[in-house]
Amino acid sequence: MYRWKLSSQEPCTSTCSIGVSKSFAMCVRYDGAEVDDMQCDNMTRPEPVHDFCIGRECQPRWEASSWSECSRTCGEGFQFRLVRCWKMLSPGLDSSVYSDLCTVAELERPLERRACKSPTCGPQWEVAEWTECPAKCGHRAQVTREVRCSDETKLCDPPTRPPNIKNCTGSPCERQWTVSEWGPCSGLCGQGKMVRHVYCKTPEGRVVPESQCSLENKPLAIHPCGEKDCAPHWLTQDWERCNTTCGRGVKRRIVQCAGITAGKFQTHDNEDCGASERPEDENTCFERPCFKWYTTPWSECTKMCGVGVRMRDVKCYQAREIVRGCDSLTKPVAKQTCALQPCPTEPPDESCQDRPTTNCSLALKVNLCSHWYYSKACCHSCRAQHTS
């Protein structure tokens, strides 16, 4: 008279991609009419049947990581996070996609940067770039940099002052002077001169700054000439470049006592030319006003483990004023990654159990353990599959 009958499947539980459709038992009379479950034998009642089902195509969505720590340990800074467009492409395949998909869907993109404020900063040390090493090849010298306190009215902590001097080594000694052929003589002795080009080169033939070759051994670039003999006189070479790229510095040139005897160039002692009349071989020079990049110390890493980011302030100064005249090509980096020890993995959850309402054997067959829903709903089965 009465028997159990499985109902038709319910609608898919997921609106997109993969979901679960459930059928349950109901008690019917011999003529097919549904009656109260009490009329059927409860011992023979079949279990509900769960089957996977496919919904419509999933829409894309924005997903954002957690905010980083503030880029500054004091004062105003920024927090950062990674924002990506995600979409479930097929059952069990949830992937990041091009951001255009989320943009076309007119989804509002979450912020990737926001301001943050920590306790007010005290005065900080700011440092400029190191100067070029003045050492001759194969020798050692020292380079310096300017160190200043960001606040003139309050003193920075002296024990934390960054060093403003350190040792350096000169360029390799294989750099050598190279000269071109002499040009034609421009006239008689006293008026005539020959000129040639002098370069400092590496063994590969690359021209480098003259400071990387020995200035004591630099060949002459200007030479007196003429058919007649001429008495010893002071011979001056062209001025070298100013030894600074900005502000006040020093320029030098080679000065020699020389003459021509029997058509040949000869050098003489300074006394032969009159030491008191010797031209200057050193003079002051001034280049453009100094614009210098200054940086604060690096902040702490934004992560306690793994890969994070650390920040520092980079400012352009002319004297004590913040300006915009510094060369952008030489601007120090203000942000860089910092890699710490690997983050510990989560301890295994020994109490992990499968949900009784989920067909986990079917989930294993179609390899859905990588999907976020089934990795939790079938936790025990998925873990057993992973360890086997």
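**Sheets, disulfides and a buried arginine**

Strand E16 (residues 198-201) pairs with E17 in the antiparallel sense, and the pairing runs over two bridges. The model described here is a predicted one, in which local features need pLDDT of at least 70 and side-chain atom pairs count only at pLDDT 80 or more, while totals for chains, interfaces and linings use all residues. Residues are numbered from 1 along each chain as its sequence is written, and side-chain values use heavy atoms, with hydrogens and water left out.

Strands of a sheet pair through backbone hydrogen bonds, either parallel or antiparallel.

Another open sheet is built from five strands in the order E12-E10-E24-E26-E27, again with antiparallel pairing. E12 and E27 stand at its edges with a single partner strand each, so one side of each has no neighbour in the sheet. E10 in turn pairs with strand E24 (residues 292-295) in the antiparallel sense over two bridges, where Ala128 stands opposite Tyr294 in E24. The next pairing, between E24 and E26, is also antiparallel and runs over four bridges, with Thr295 opposite Val314 in E26.

Which way do the side chains of strand E10 (residues 125-128) point? Trp125 and Val127 point one way, whereas Glu126 and Ala128 point the other way, and all are buried, where buried means under 20% relative accessible area, exposed over 50%, and partly exposed in between (1.4 Å probe, protein chains only). In a regular strand the side chains alternate between the two faces of the sheet.

The chain is also joined to itself by disulfides. A disulfide is a covalent bond between the sulfur atoms of two cysteines, and here the term is applied to a pair of cysteine sulfur atoms within 2.5 Å. How many disulfides does a search of the whole structure find? The search finds nine disulfides, and three of them are followed below.

Cys27 is joined to Cys40 by a disulfide with an S to S distance of 1.9 Å. This pair links distant parts of the chain, 13 residues apart, with Cys27 in strand E3 (residues 25-29) and Cys40 in the loop between E3 and strand E4 (49-54). The torsion about the S-S bond of Cys27 and Cys40 is about 85 degrees, so this disulfide is right-handed. Both Cys27 and Cys40 are buried.

In the disulfide of Cys85 and Cys102 the sulfur atoms are 2.0 Å apart, and the link is right-handed, with 85 degrees about the S-S bond. Because Cys85 lies in strand E7 (residues 83-90) and Cys102 in helix H1 (residues 99-104), the pair ties together parts that are 17 residues apart in sequence. Cys85 is buried with a relative accessible area of 1%, and Cys102 is buried with 0%.

A disulfide returns us to the five-stranded sheet, for Cys316 is joined to Cys326 at an S to S distance of 2.1 Å. This link is right-handed, with 90 degrees about the S-S bond of Cys316 and Cys326. Here too distant parts of the chain are linked, 10 residues apart: Cys316 is in strand E26 (residues 314-318), and Cys326 is in the loop between strand E27 (321-322) and strand E28 (335-339). Cys316 is buried with a relative accessible area of 5%, and Cys326 counts as buried at 12% relative accessibility.

A last stop is Arg253, found in the loop between strand E20 (248-252) and strand E21 (255-261). Arg253 is buried yet has no salt bridge, as the nearest side chain of opposite charge, that of Glu280, is 6.3 Å away; a salt bridge is a side-chain nitrogen of Lys or Arg within 4 Å of a carboxyl oxygen of Asp or Glu. For charge, Lys and Arg count as positive and Asp and Glu as negative, while His and the chain ends are not counted. The side chain of Arg253 does, however, reach the backbone oxygen of Glu280 at 2.8 Å.

Note on methods. Pairing = 2+ DSSP bridges. Polar contact = N/O pair within 3.5 Å; in protein donor to acceptor, adjacent residues only side chain to side chain.
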